[in-house]
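Please examine the model below before reading on.

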Amino acid sequence: MSRRESTGIAIIAVILICLCPRTGWPQYAPTSGPYKVLTVEKVLLRDSRRDKDIPIKIYYPAGVGRFPVIIFSHGALASKDAYSGLGQYWASYGYVSIHPSHADSIADSGFRGTLRQALSDPSAWENRPEDVSFIIDSLAHVETLAPQLVGKLDLHHIGVGGHSFGAYTAGLIGGTTITLPGKASPQSFADKRVSAVVLLSPQGEGILGLNAHSWDAVRVPMLLMYGSRDFGPFGQEPIWRSEAFIKGPAGKKYEVELEGGTHMGFAGLTRNQDHRVEVFQCAKLETLAFWDAYLKQDPKAMEYIESHGLQKFSGDAARFANK
């Protein structure tokens, strides 16, 4: 059997496994959850200290009560309007999902540089996590700007996730340290108000100020996902994306590698019959289980991820590890 044929079989396995219902964990399905999802299309937060505006888009459930907050950071050059599939999905299961546009956003910030330029700018390494912490600072203010959110934000249960450059951002909030040009000591952007982080296709050492010890202080629960065809921006092998899991300390850390998964498979940019559809379905299921475990303290979700239930759900086409 050729390598292409074996990869095709693995992708089909992911498709069948992710789309077929399982009796053991029926509340996790790729379809929307019990809540109708509403959106606040644009709220503009003003950070006077840095003299910058941060546009945010918010997905929230049409229900009564306070809901955990997820802040999701986009990949380089994208915007708050990207990753709507994740925002809508999480909100339908009882989360308020806040999506900011960073300074490298083409649509909202007028960025005109290349991907390489966006990733190579040390000011962006700092500004992205500072954007996230400023949003957390501003959550009470957000309720005044969007009155429909009054009483809905659970400020004691906050998660931060991201894809690609956004995964880097979420990692910094979770305790990853970087060495900035001209600095002798590593810098931390950790925000202790954050309970858990999700990293979709993050980076390994060698770029963006990351080194072999950058993950020594990551103590928050972390879910890392990447694909077996998820190469780095400068040709790095897919395993490079798992370094935050491999090199970080043990304790509430989870990793999923999806066979056949590519970098953009986690972004929800899909075509009919594209295997990225199924990769994205798996990402939705597993991130939801993780959020439920660590933002809602759901004991069944906790038992599920600790017992490698996610590995069983994804089948042999996925490699799941925890430590």
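**From a loop residue to the helix packing**

Leaving out residues up to four places away in sequence, Pro221 touches Ser195, Ala196, Val197, Lys252, Phe290 and Tyr294, where contact means heavy atoms within 4.5 Å. The model is predicted, so local features need pLDDT of at least 70 and side-chain atom pairs count only at pLDDT 80 or more, while totals for chains, interfaces and linings use all residues. Residues are numbered from 1 along each chain as its sequence is written, and side-chain values use heavy atoms, with hydrogens and water left out.

Pro221 lies in the loop between S8 and strand S9 (222-229). Helices (H or I, at least four residues) and strands (E, at least two) are DSSP runs, numbered from the N terminus. With a relative accessibility of 10%, Pro221 counts as buried; buried means under 20% relative accessible area, exposed over 50%, and partly exposed in between, with a 1.4 Å probe and protein chains only.

The protein as a whole has 11 helices and 11 strands. Of its 323 residues, 58% count as buried. Among contacts between residues at least 6 apart in sequence, 74% join residues at least 24 apart. The protein exposes about 13,500 Å², of which carbon and sulfur atoms supply 54%; accessible areas come from the Shrake-Rupley method with a 1.4 Å probe, and for residues only the protein chains shown count as cover.

Several further pairs illustrate contrasts between sequence and space. Leu285, in helix H9 (residues 275-295), is buried with a relative accessible area of 4%. Leu285 and Ala29 are 256 residues apart in sequence, yet 6.5 Å apart from C-alpha to C-alpha. Gly251 is found in the loop between helix H8 (243-247) and strand S10 (253-262), and is partly exposed at 29% relative accessibility. Between Gly251 and Arg219 there are 7.3 Å in space, C-alpha to C-alpha, and the two are 32 residues apart in sequence. Gly65 occupies the loop between S2 and S3 and counts as partly exposed at 31% relative accessibility. Leaving aside neighbours within four places in sequence, Gly65 is in contact with Gly151 and Lys152. The C-alpha atoms of Gly65 and Val150 are 9.8 Å apart, and these residues are 85 apart in sequence.

The backbone also deserves attention. Most residues other than glycine have a negative phi. Asp51 has a positive phi of about 55° although it is not a glycine. The place of Asp51 is the loop between strand S1 (37-47) and strand S2 (52-61), and Asp51 is exposed, with a relative accessible area of 55%. Ser164, also not a glycine, has a positive phi of about 60°. Ser164 sits in the loop between strand S5 (153-163) and helix H7 (165-174), and at 15% relative accessibility Ser164 counts as buried.

Helix H7 comes directly into view from there. In H7, 10 of the 10 residues are buried, so the helix is largely enclosed by the rest of the structure. The buried residues of H7 pack against strand S3 (67-73), helix H4 (115-119), H5, S5, strand S6 (177-178) and strand S8 (194-200). H7 is followed by Gly175, whose phi is positive, near 125°.

How do H5 and H7 pack, and at what angle? Helix H5 (residues 122-137) and H7 pack at an angle of about 65°, with their axes 9 Å apart. Axes are lines fitted to C-alpha atoms, for helices over the stretch in contact, and angles run from 0 to 180 degrees between N-to-C directions. The two helices are therefore roughly perpendicular to each other, since angles under 35 degrees count as roughly parallel, over 145 as roughly antiparallel, 65 to 115 as roughly perpendicular and the rest as oblique. On the H5 side, Ala124, Trp125, Arg128, Pro129, Val132 and Ser133 meet Phe165, Gly166, Tyr168, Thr169, Leu172 and Ile173 in H7. By class, this contact has 8 nonpolar, 3 polar and 1 charged residues; Ala, Val, Leu, Ile, Met, Phe, Trp, Tyr, Cys and Pro count as nonpolar, Asp, Glu, Lys and Arg as charged, and the others, Gly among them, as polar.
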